[in-house]
Amino acid sequence: MPVSKTAKASPQGLEQVKQALAQRGWQKNSPILLDTACVSAATLKRFWRGVPIGQDSFQAICQAIHLDSNGIIEPSPTAAEPPAQTSVTDSWVGRAALERKLRAQLTGTTRLLLLTGLTGIGKTALARHLAQSLANEGYTCLNLRCDRAEPLTLAKLTHTLFQKAAPPHPIHLSFHTLIEHLKQHRYLLIIDDIEHLLETEPDTCLSRFQHRLWLDFFQAILTADSCSSRFVLTSQDLPNELDLLGDRWPDRWYAQALGGLSPKAQMQLFQTMGL
């Protein structure tokens, strides 16, 4: 059985949180709590109901009010560690010219690069090669992955940055300070499979973020007067909300659709894999 990556508050833990909030003069659903913890209103509601939420979001809520999450969490049986997975060889052929083109975009004015294409087409491999290239330019590279069962949250992104940045540039948990940190420091953040953050509107069949916080986040990145960080997103589809933002800021956004390899590149790939 895999290790659970969720957590929920115990009844006693919720009482401690309420007392800590009262001391600060905050309400259960205060905007300042949402901002400081970098979580959505829906996540905070689940926390108060004692429903399991992502561990990163759980810790972010506790840290926002300076409480140890170990004293708030509902204890659960310890599960066995999952077996280590074998890594897949990253075979890279046929994309050198495209990599040079996209690298120029990211070292120029493009802050948000979206790679779209079918599963297995090479989006992640291209993103990682771009990361290796930009690391030589002084960018700190981070790779995050979205998952339908355990969606990526801004709280997890912030915690990952905190672990990477501390102690030189410690990040205080809040939406505003997260944006400011990304604006001032050179990061390249790869976020894979963002389609798992989206939902489709039944009336229009257009895709949008399940949680408005993500749209606010990318909008803040695109609309800032300056931003030192860069993002590479991979997705099977072009998110409509990001496409609309891109129309407003065309010099700060670029979408690249990936197709199949040419016959020559296919032969190179087969040779690389020993086929």
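Contact here means heavy atoms within 4.5 Å. The legends below describe a predicted model, in which local features need pLDDT of at least 70, side-chain atom pairs count only at pLDDT 80 or more, and totals for chains, interfaces and linings use all residues. Residues are numbered from 1 along each chain as its sequence is written, and side-chain values use heavy atoms, with hydrogens and water left out.

**View 1. Isoleucine 194 and its contacts.** Isoleucine 194 sits in the loop between β5 and β6 (198-200). Strands (E, at least two residues) and helices (H or I, at least four) are DSSP runs, numbered from the N terminus. Leaving aside neighbours within four places in sequence, isoleucine 194 is in contact with Leu114, Cys146, Leu233, Thr234, Ser235, Pro239 and Leu242. Leucine 114 is 80 residues away along the chain, yet the two C-alpha atoms are separated by 9.8 Å. Isoleucine 194 counts as buried because its relative accessible area is 1%. Buried means under 20% relative accessible area, exposed over 50%, and partly exposed in between (1.4 Å probe, protein chains only).

**View 2. Strand β5 between its partners.** Two strands pair if DSSP finds at least two bridges between them. β5 pairs with β4 in the parallel sense over 6 bridges. Threonine 140 stands opposite tyrosine 187 of β5. β5 also pairs with β8, again parallel, over 4 bridges. In that pairing, leucine 189 stands opposite phenylalanine 231, and isoleucine 191 opposite leucine 233. In a regular strand the side chains alternate between the two faces of the sheet. On β5, one side carries Tyr187, Leu189 and Ile191, the other Leu188, Ile190 and Asp192, and all are buried. With 6 of its 6 residues buried, β5 is therefore largely enclosed by the rest of the structure.

**View 3. Strand β8 and its pairing with β3.** β3 and β8 run parallel, joined by 5 bridges. Leucine 115 has threonine 234 of β8 as its bridge partner. Arg230, Val232 and Thr234 point one way from β8, while Phe231, Leu233 and Ser235 point the other way, and all are buried. Since 6 of the 6 residues of β8 are buried, this strand too is largely enclosed by the rest of the structure.

**View 4. The largest nonpolar core.** A nonpolar core is a set of buried Ala, Val, Leu, Ile, Met, Phe, Trp, Tyr and Cys residues joined through side-chain atoms within 4.5 Å. The largest one has 35 residues, and Leu157, Phe217, Phe218 and Phe231 have the most contacts inside it. At least two residues each come from β3 (112-116), β4 (140-145), α7 (154-165), α8 (175-184), β5 (187-192), α9 (212-223), β8 and α10 (240-248). The largest share, 7 residues, comes from α9. Beyond four places in sequence, phenylalanine 218 is in contact with Leu112, Ile191, Phe209, Phe231, Leu233, Leu242 and Leu245. Another core, of 22 residues, lies apart from this one, with Phe58, Ala60, Cys62 and Ile72 among them. In soluble globular proteins, nonpolar side chains tend to be buried together.

View 5. Threonine 36 lies in helix α2 (residues 31-37). Its side chain reaches the backbone oxygen of isoleucine 32 at 2.6 Å. Threonine 36 counts as buried because its relative accessibility is 17%. Cysteine 38 is found in the loop between α2 and α3 (41-48). Cysteine 38 is also buried, with a relative accessible area of 1%. Its phi is near 60°, a positive value in a residue other than glycine. Most residues other than glycine have a negative phi.

**View 6. Histidine 66, another positive phi.** Histidine 66 has phi near 60°, a positive value in a residue other than glycine. Its place is in the loop between α4 (55-64) and α5 (96-107). Histidine 66 is exposed, with a relative accessible area of 64%.

**View 7. Confidence along the chain.** pLDDT is the predictor's confidence in each residue, from 0 to 100. The chain has a mean pLDDT of 82, and 83% of its residues reach 70 or more. Among its elements, strand β8 (residues 230-235) has the highest mean pLDDT (95), and helix α11 (residues 263-272) the lowest (54). Over residues 78-93 pLDDT stays under 50, and the model has 22 contacts beyond four places in sequence for this stretch.

Notes
Polar contact = N/O pair within 3.5 Å; in protein donor to acceptor, adjacent residues only side chain to side chain.
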